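Subject: Structure handover

Hello,

Here is the structure for you to look through. My notes follow below it.

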Amino acid sequence: MPRRDPTTLSVATPAKEAAAFLPDCIASVRDGAEHWVVDAASTDGTLDILRAARGVRWVSEPDRGQADGVNKGWRLSSGDILGWVNADDALEDGAVPAVRSFFAEHPEADAVYGDAVFVDESNRTVAPYPAEKWRPSRLRRICFIPQPAMFLRRRVPERFGFLDEGLHHAMDYDYWLRLAGHADVRYLPQVLARFRLHPGMKTIARRREAHEEIVNVLETRTGRVDAGWILGLASARADEEVERGALEGTPCPYLERVLSEVRRESMRRSVRRRWWLRAGTLIWRRRARRGEWPFRPRFPYPAALAGRVFWGRRM
């Protein structure tokens, strides 16, 4: 068991075939932070980057997925403050001293998160992440915590456990729900991280699987699912059909089938705010009959952004 340093901030980075963006991630973790990169036996040049990097601790071996990599990094680290930055994301300048200072001033706080921005493959800012002040009841409706901008005391995983290694898309959202109502979580209104959008991002490349896992997590943790998440799941299913070229001409026939699935989902699950679900499906039907196809959210976080599509406002 490594010795824990109460003044050290440790960042875990799970990596797999991450050569394209890992250098930016490594360069962003500075100001004395300990950085553990847990690589899943990559073959694309990731190991060459790690061997050449200074001040980075790393291990490369097969693992059981992203959550396993984060957990392993946290267990190997020595700090009392824990962060998690994926290999394609990065910390913002000044994030480490800001988080250290916050915890020094608020020793009772278990966790703190800040704002983040979406960036593209060239590090150009695309949009702000829709972060909000901490409200556990609101968290059931929308994941407003940007994952790379969240930092925890070591006592949090010691009390609540580590990430669920059976999850592959919503392990962060599952963890925030686990903390809701039990941990002292604070919000710091400062940009702490950059959240990269690119075609290889899991939440974009496998959007339907991500939505299904989110809905299952909500059922497990809260016993109910907000209507917005059900609409997001139906949207992801429709997008998948479009991308496979399964639709020709007007989407009306397929849309009717999707709406039937949504209605069945809302009956099977304990869905909150069914009036919103009904309003959303009416908008879908009206727009489809005009020859418009509404399932095109540009960003991966459905609860925060797809609602604009469902209400008839284009992204």
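By class, the lining of the largest pocket has 21 nonpolar, ten polar and nine charged residues. Here Ala, Val, Leu, Ile, Met, Phe, Trp, Tyr, Cys and Pro count as nonpolar, Asp, Glu, Lys and Arg as charged, and the others, Gly among them, as polar. The model is predicted: local features need pLDDT of at least 70, side-chain atom pairs count only at pLDDT 80 or more, and totals for chains, interfaces and linings use all residues. Residues are numbered from 1 along each chain as its sequence is written, and side-chain values use heavy atoms, with hydrogens and water left out.

The pocket

The largest pocket holds about 920 Å³ of space. In total, 40 residues line the largest pocket, and Gln66, Asn86, Asp88, His168 and Lys202 lie nearest its centre. Several elements each supply at least two lining residues, among them strand E1 (5–15), helix H7 (171–179) and strand E9 (185–196). Helices (H or I, at least four residues) and strands (E, at least two) are DSSP runs, numbered from the N terminus.

On the terms: the search uses a 1 Å grid over the protein atoms alone. A pocket is an open set of points with protein on both sides within 12 Å along at least five of seven lines. A cavity is a set of points where a 1.4 Å probe fits but cannot get out. Lining residues have an atom within 4 Å of a point. Grid points are joined across faces, edges and corners, and a volume is the space filled by probe spheres set on the points.

The cavity

The structure holds one cavity of 30 Å³ or more. About 40 Å³ of space lies in the largest cavity. Its lining consists of Trp74, Leu82, Gly83, Trp84, Gln147, Met150, Leu152 and Trp176. Strand E4 (79–84) gives the largest share of that lining, three residues. By class, the cavity lining has six nonpolar, two polar and no charged residues.

Strand E2

All six residues of strand E2 (residues 34–39) are buried. Buried means under 20% relative accessible area, exposed over 50%, partly exposed in between (1.4 Å probe, protein chains only). Glu34, Trp36 and Val38 cover one side, and His35, Val37 and Asp39 the other. E2 pairs with strand E3 (residues 56–60) in the parallel sense, over five bridges. Two strands pair if DSSP finds at least two bridges between them. Val37 stands opposite Trp58 in E3. From E2 the chain crosses through helix H2 (residues 46–52) to E3, and this β-α-β crossover is right-handed. That is, with the strands pointing away from the viewer, the path from the first strand over the helix to the second runs clockwise.

Aromatic pairs

Rings of Phe, Tyr and Trp (its six-membered ring) pair if their centres lie within 6.5 Å; planes under 30 degrees apart count as stacked, over 60 as edge-to-face and the rest as tilted. The count comes to eleven aromatic pairs. Tyr113 and Phe144 have ring centres 6.2 Å apart and planes at 45°, so this pair is tilted. Tyr113 lies in strand E6 (residues 111–119) and Phe144 in the loop between helix H5 (136–139) and strand E8 (150–153), so the pair ties together parts 31 residues apart in sequence. Both Tyr113 and Phe144 are buried. The rings of Phe118 and Tyr129 are also tilted, because their planes stand at 35°, with centres 5.5 Å apart. Tyr113, Trp134, Phe144 and Tyr187 form one aromatic cluster.

Best wishes
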